[in-house]
Amino acid sequence: MTTNYQWNCRTLTNEQKEIKDELIAELNLNPIVATLLVQRGVTSVEEAHRFFRPQLSTGLHDPFLMKDMDKAVARLNEAIGRKEHILIYGDYDVDGTSSVALVYRFLRGIYSSLDYYIPDRYDDGYGISVKGVDYAYSLGVKLIITLDCGIKAIKMVRYAKEKGIDFIICDHHKPDDELPEAVAILDPKRSDDEYPYPHLSACGVGFKFMQAFARNNGMNELGLLYPLLDLCAISIATDIVPITGENRVLSYNGLRRLNDNPCNGLKAIIELCGLKDKKELTNSDIVFKIGPRINATGRMMNGKEAVDLLVARDLATAHECAERISEYNETRKELDKRVTEEAIQMVDKMDIKDKKSILVYNSSWHKGVIGIVASRLTEHYYRPAIVLTSALGFASGSARSIQGFDVYSAIDSCRDIIENFGGHTYAAGLTLKEENIQELTERIERWVEDHITEMQQCQHIDIDMEVKFNEVTLRLFKSLRVLSPFGPGNQKPVFVVRRVKDHGKSRLVGKEKEHIRLELVDPVTNFTHNGIAFNQASKFELVKSGKPFDIVFTIEENTFNKNNIQLLVKDIRESESNNIAAVLSLLIRNTKDDADVIGGITPSSEM
């Protein structure tokens with residue numbers, strides 16, 4: 001499917017240009033890097049230093065600024081003082097399992113009466129379940145600490161309270177107006193919370209809880225927590241939270257830990273991914289290689305195995321866990337491919353030309369992959385998508401959205417026919433009775449149609465700046481590393497170069513010849529670059545036409561030659577001047593034809 005992107009190229013205001021010039025003068029920065037810094041909100045030399053090297057000692061907020069943090073720490077102190085059995089309870093995705101691993105590993109260093117529980121997608125469903133509470137009760141648990149779930153578990157918290165079990169909820173999803181009757185609810189998205197940074201991952205909330213607990217008990221908080229930061233880096237990258245503010249501090253230092261001395265479980269996964277000898281692991285490695293493997297346990301089996309991996313005390317145990325997880329991931333990929341194909345076939349049989357949303361349901365689909373399938377449908381058709389299957393006697397599924405559109409609010413508008421739901425702006429989960437699927441389909445479509453804007457329906461690429469081909473060098477690529485880690489809120493820099501041409505050897509590649517391997521040249525400077533344009537075979541005719549064209553791209557390290565770079569081309573477009581020239585040529589030809597006819601001479605077909 002060919003996508004016609006709208007290109008949005010950023011420009012600096014006069015005030016920003018002055019700041020850029022100051023940064024260049026004071027820090028001797030590459031002008032391109034200085035421009036990118038200013039675009040990311042840096043307004044002074046001091047802020048630039050903090051951006052380049054986010055420090056744990058100065059970049060983290062006081063954890064006690066978070067609502068209920070004092071209550072949470074007091075209840076945990078009380079539990080340890082009374083030698084109560086504590087259960088750490090988390091969601092089955094990467095953020096949930098890494099959160100549980102972080103809190104468990106921190107507390108097991110000072111306390112032994114601990115267990116952890118990860119709900120099963122099919123047996124428990126999402127969040128706190130009767131089965132989970134009953135399990136806690138059977139162990140004699142008096143305190144449950146939840147991570148990445150619980151913010152809407154009003155009935156389950158009440159049920160646990162009847163059994164003499166208290167809750168401390170650590171979550172980062174949007175809460176309802178009514179909150180559960182927990183001892184403490186740590187969620188920076190609470191409307192009554194004035195915590196300075198609301199975008200923490202669940203693992204980040206767990207980190208802040210342990211930071212507060214350590215501080216309250218006179219511990220060396222950063223010394224004890226630094227070894228756990230690799231888990232924060234994993235959760236931040238995979239849960240697609242903004243890498244700004246406090247998340248940037250945690251991600252930056254977490255990646256350092258991941259590269260220098262990761263925990264045994266992550267070491268084993270890194271080896272299985274073939275990343276052991278890579279010079280520097282990045283968020284891309286987490287998102288595309290490490291994260292999916294950890295996630296596979298919760299998708300295909302039980303997420304508890306992911307926690308087993310991340311808390312492993314020795315490498316041998318970690319390798320055993322990692323091998324099983326890798327097998328789950330292979331199964332997950334096969335299922336993902338099959339269900340995606342079935343879902344696309346189903347949508348293609350629908351008349352969606354005038355539809356603003358997509359909803360598909362198949363009771364036989366595996367619940368573990370429908371979130372991925374929803375993402376695939378959103379990308380393929382560029383519409384908010386909901387994918388449902390059958391679980392525990394209900395229709396259960398996931399929703400994904402397009403840039404700028406709040407799919408959570410769309411689902412919230414149908415809460416009267418939904419049993420349970422939760423999530424974020426761009427991703428949500430929901431459960432409903434099967435007889436309500438048709439009504440949900442109709443109401444979601446009406447809501448999306450009423451609220452989506454024309455701009456949101458148009459796919460666009462945000463371009464940081466226009467550069468010359470001879471400015472795109474290995475030296476620039478290395479200079480750009482100071483802006484990492486990259487992700488939402490701090491995306492990898494996107495550039496545009498005008499009027500390049502095929503150098504003669506660009507060719508189609510891939511099993512179905514769906515990609516273009518590019519060899520490009522700037523005719524003015526004679527500067528050349530290689531690149532790859534995935535799934536853009538439809539642009540190959542333009543590339544080989546001999547006409548100049550514009551490209552939008554990011555700069556990547558060449559996998560086969562570490563001392564070189566290649567361009568990851570996101571889009572290709574005929575240069576505007578080509579279009580103007582074509583119009584002028586047509587006008588001239590038509591004028592000549594008219595003159596010939598007027599003069600009584602009809603042009604010959606042989607001329």
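**Note on salt bridges and strand pairing**

1. Lys161 counts as partly exposed, at 47% relative accessibility (buried is under 20% relative accessible area, exposed over 50%, partly exposed in between, with a 1.4 Å probe and protein chains only). Glu181 is likewise partly exposed, at 44%. This is a predicted model, in which local features need pLDDT of at least 70, side-chain atom pairs count only at pLDDT 80 or more, and totals for chains, interfaces and linings use all residues. Residues are numbered from 1 along each chain as its sequence is written, and side-chain values use heavy atoms, without hydrogens and water.

2. Lys161 and Glu181 form a salt bridge, with their closest N and O atoms 3.9 Å apart (a side-chain nitrogen of Lys or Arg within 4 Å of a carboxyl oxygen of Asp or Glu). Lys161 belongs to helix H8 (residues 154-162) and Glu181 to the loop between strand E5 (166-170) and strand E6 (184-186), so the pair ties together parts that are 20 residues apart in sequence (helices, H or I, of at least four residues and strands, E, of at least two are DSSP runs, numbered from the N terminus).

3. The count comes to 37 salt bridges. One of them joins Arg332 to Asp336 at 3.4 Å, N to O. These two residues are four apart in helix H16, about one helical turn, and both Arg332 and Asp336 are buried.

4. Strand E14 (residues 495-502) pairs with strand E13 (residues 465-466) in the parallel sense over two bridges (pairing requires at least two DSSP bridges). Strand E18 (residues 549-557) runs antiparallel to E14, with four bridges; here Val497 has Ile551 as its bridge partner.
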